[in-house]
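Please read this report alongside the sequence and the model.

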Amino acid sequence: MHELLLPSEHLQVIHRHAVETYPEECCGFLIGRLVLDRPDAADQPVRAQVEQVLSARNDRQDSRHNRFVIGPETVLAAHKQARAQQLDVLGYYHSHPDAPARPSEFDREHAWPDLSYLIVSVRAGQVAETRSWRLRDDRERFEEEVVADLPEENRI
Amino acid sequence: MSITLQVPSPLRRFTDGQSDLELQAANVGQALHGLVERYPDLERHLYKDGQLRSFINVFLNDEDVRFLQRQETPVADGDVLTIIPSIAGGKEA
């Protein structure tokens, strides 16, 4: 199964962002590197190690309680920032106020494969659950990935 | 015209790992169609019902083609096309 290695301090930043923006949706970038046990092997489970979290502004002018958007200029800037540090944009996070941490149809329509989509469910102003997902190549649905803490001594 | 198209990293698995592709095209639309003709597995991630997916933005030499002539925007030798997604989503309505 694919893994998102997410140090607890970064998860806390994401949770804080989600709670602060409630009842609106928050969003941001997961930046880090892929950990490949066997670099030449195809179809091995992905392990994505998050090294930075970059909060973004929800650029929606309306419906922020159930929609978010990050514009292309911000996306481009985040990719440049990651590349300057020899890192990659591994995926994105956003919150679902008073809704489960499961991707919606709207999420699926706007997703690409090979990225982690971390969703935080916030209910009544408190974090309820955090789950992460990857879109299948056929776009039919997401597959859940494990979100694992990464103690400092285990970081690459 | 001979242009370079920069493939975003989530889609490079569908272009044999290549990040920069040389394409022959007269305009942005032709370049994108040329891309999916060469790599058909990309099509579902770029197009829906024959139209470029709404969250996909195309930059021609750092200019968003929405503010030019969109897919009719002509290209010249040496131009660089970059595909940048807007990131969008949200819970069920």
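The report starts with conventions and then moves to the interface.

This is a predicted model, in which local features need pLDDT of at least 70, side-chain atom pairs count only at pLDDT 80 or more, and totals for chains, interfaces and linings use all residues. Residues are numbered from 1 along each chain as its sequence is written, chains are lettered from A and ligands numbered from 1 in the order in which they are written, and side-chain values use heavy atoms, with hydrogens and water left out.

## The interface

Chain B brings 28 residues to the contact and chain A brings 32. Contact here means heavy atoms within 4.5 Å. About 2700 Å² is buried between the two chains, and carbon and sulfur atoms give 59% of that area. Buried area is the accessible area (1.4 Å probe) that two parts lose on being put together, summed over both. Pro10(B), Ile87(B) and Lys91(B) supply 28% of what chain B buries against chain A, more than any other three residues.

The polar side of the interface can be counted too. Between chain B and chain A, 17 residue pairs are in polar contact, both residues being at pLDDT 80 or more. A polar contact is a pair of N or O atoms within 3.5 Å; within protein, one must be able to donate a hydrogen and the other to accept it, and residues adjacent in sequence count only if both atoms are side-chain atoms. On chain B, the elements that give two or more residues to the side touching chain A are helix 2 (43-46), strand 5 (56-60), strand 7 (80-85) and strand 8 (87-89). Helices (H or I, at least four residues) and strands (E, at least two) are DSSP runs, numbered from the N terminus. By class, that side of chain B has 14 nonpolar, six polar and eight charged residues. Ala, Val, Leu, Ile, Met, Phe, Trp, Tyr, Cys and Pro count as nonpolar, Asp, Glu, Lys and Arg as charged, and the others, Gly among them, as polar.

Four salt bridges cross the interface. The term needs a side-chain nitrogen of Lys or Arg within 4 Å of a carboxyl oxygen of Asp or Glu. Glu109(A) and Arg53(B) form a salt bridge through their side chains, at 3.5 Å from N to O.

Where does Arg13(B) lie? Its place is the loop between strand 1 (2-6) and strand 2 (20-24) of chain B. Beyond its neighbours within four places in sequence, Arg13(B) contacts Pro113(A), Asp114(A) and Asp137(A). Its side chain makes a polar contact of 2.8 Å with the side chain of Asp114(A). Arg13(B) is partly exposed, at 44% relative accessible area. Buried means under 20% on this scale, exposed over 50%, and partly exposed in between (1.4 Å probe, protein chains only).

## Strand pairing

Two strands pair if DSSP finds at least two bridges between them.

| Strands | Sense | Bridges | A bridge pair |
|---|---|---|---|
| Strand 4 (68-70) of chain A, strand 8 of chain B | antiparallel | three | Ile70(A), Ile87(B) |
| Strand 1 (3-5), strand 3 (47-56) of chain A | parallel | three | Leu4(A), Ala48(A) |

Chain B holds an open sheet of five strands in the order 2-1-7-5-6, with mixed pairing. Strand 2 and strand 6 (63-64) of chain B each have a single partner strand, so one side of each lacks a neighbour in the sheet.

Thr4(B) lies in strand 1 of chain B. Thr4(B) counts as buried, at 16% relative accessibility. Its side chain and that of Glu22(B) are joined by a polar contact of 3.0 Å.

## Backbone geometry

Most residues other than glycine have a negative phi, and most peptide bonds are trans. The following cases depart from that pattern.

A cis peptide bond joins Tyr22(A) and Pro23(A), with omega about 10°. Pro23(A) sits in the loop between helix 1 (8-21) and strand 2 of chain A.

Ser63(A) has a positive phi, near 55°. Ser63(A) is in the loop between strand 3 and strand 4 of chain A and is partly exposed, at 31%.

Asp114(A) has a positive phi of about 60°. Asp114(A) is in the loop between helix 3 (105-109) and strand 6 (116-123) of chain A.
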